[in-house]
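Please read the sequence and the model side by side. The text is meant to be followed with both in view.

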Amino acid sequence: MRYQLPFARDMGSNTGLRGQILRRPLGTREDDVTAVFEAAAELFAALSSPMRLSIVCHLREQDMNVQQIANRIGSSQPNTSLHLRQLHQIGIVDRSRSGQSVTYRIRNTFVADLCKIVCPGH
């Protein structure tokens with residue numbers, strides 16, 4: 001039985017959260033469980049930063065550009081951009097460009113649902 005990784009960018013049978021090939025091919029139940037744990041650990045590592053968790057919680061409310069997010073979380077624009085880049089690389093947020101402005105939104109609805117538990121007031 002293959003385990004669906006609801007928090008993975010690519011739901012392929014042998015890719016991890018960032019879409020990279022896992023260390024060993026899946027096939028046995030033990031391999032599947034290991035893949036789930038590896039992907040979950042990568043997800044929780046990305047959300048272990050209070051800044052990144054705050055960004056995700058704010059993006060649950062609405063799509064925003066970097067400056068809007070920085071204002072909401074009380075951070076500088078460069079620092080906010082760094083955290084957004086990490087969240088984008090791991091597949092938690094998506095971005096779209098319109099001229100000079102880049103708008104960020106939640107890509108991963110599983111993470112958004114998880115944040116409802118962590119930050120219910122947002």
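The paragraphs below go from the overall fold to the helix contacts, the core and the cysteines.

This is a predicted model, in which local features need pLDDT of at least 70 and side-chain atom pairs count only at pLDDT 80 or more, while totals for chains, interfaces and linings use all residues. Residues are numbered from 1 along each chain as its sequence is written, and side-chain values use heavy atoms, with hydrogens and water left out.

The protein has 5 helices and 3 strands. Helices (H or I, at least four residues) and strands (E, at least two) are DSSP runs, numbered from the N terminus. Their order from the N terminus is α-α-β-α-α-β-β-α. Of the 122 residues in the protein, 39% are buried. Here buried means under 20% relative accessible area, exposed means over 50%, and partly exposed is in between (1.4 Å probe, protein chains only). A contact is defined by heavy atoms within 4.5 Å. Taking contacts between residues at least 6 apart in sequence, 51% join residues at least 24 apart.

Begin with the pair formed by helix α2 (residues 50-61) and helix α5 (residues 109-118), which pack at an angle of about 105 degrees with their axes 9 Å apart. That angle makes α2 roughly perpendicular to α5. Axes are lines fitted to C-alpha atoms, for helices over the stretch in contact, and angles run from 0 to 180 degrees between N-to-C directions. Angles under 35 degrees count as roughly parallel, over 145 as roughly antiparallel, 65 to 115 as roughly perpendicular and the rest as oblique. On the α2 side the contact is made by L53, V56, C57 and R60, and on the α5 side by V111, A112, C115, K116 and V118. These residues divide into 7 nonpolar, no polar and 2 charged. In this count Ala, Val, Leu, Ile, Met, Phe, Trp, Tyr, Cys and Pro are nonpolar, Asp, Glu, Lys and Arg are charged, and the others, Gly among them, are polar.

Helices α3 and α4 also pack at an angle of about 105 degrees, with their axes 9 Å apart. They are therefore roughly perpendicular to each other. V66, Q67, I69, A70 and I73 of α3 meet Q77, T80, S81 and L84 of α4. The residues of this contact comprise 5 nonpolar, 4 polar and no charged.

Which residues have the most contacts inside the largest nonpolar core? The core has 23 residues, and V56, L59, I69, I92 and Y104 have the most contacts inside it. A nonpolar core is a set of buried Ala, Val, Leu, Ile, Met, Phe, Trp, Tyr and Cys residues joined through side-chain atoms within 4.5 Å. Two or more residues each come from α1 (29-46), α2, α3 (66-73), α4 (77-89), β3 (101-106) and α5. The largest share, 4 residues, is given by α2.

V56 is found in helix α2 and is buried, with a relative accessible area of 0%. Leaving aside residues up to four places away in sequence, V56 touches L47, L87, I92, I106, V111 and C115. V56 and V111 are 55 residues apart in sequence, yet 8.2 Å apart in space, C-alpha to C-alpha. L59 is also in helix α2 and is buried, at a relative accessible area of 2%. With the residues up to four places away in sequence again not counted, L59 touches M64, I69, L84, V93, Y104 and I106. For I92, the residues touched under that sequence limit are L43, A46, L47, V56, L87, R105, I106, R107, N108 and V111.

C115 is buried, with a relative accessible area of 1%.

D113 also lies in helix α5, but D113 is partly exposed, with a relative accessible area of 42%. D113 and C57 are 56 residues apart in sequence and 9.8 Å apart in space, C-alpha to C-alpha.
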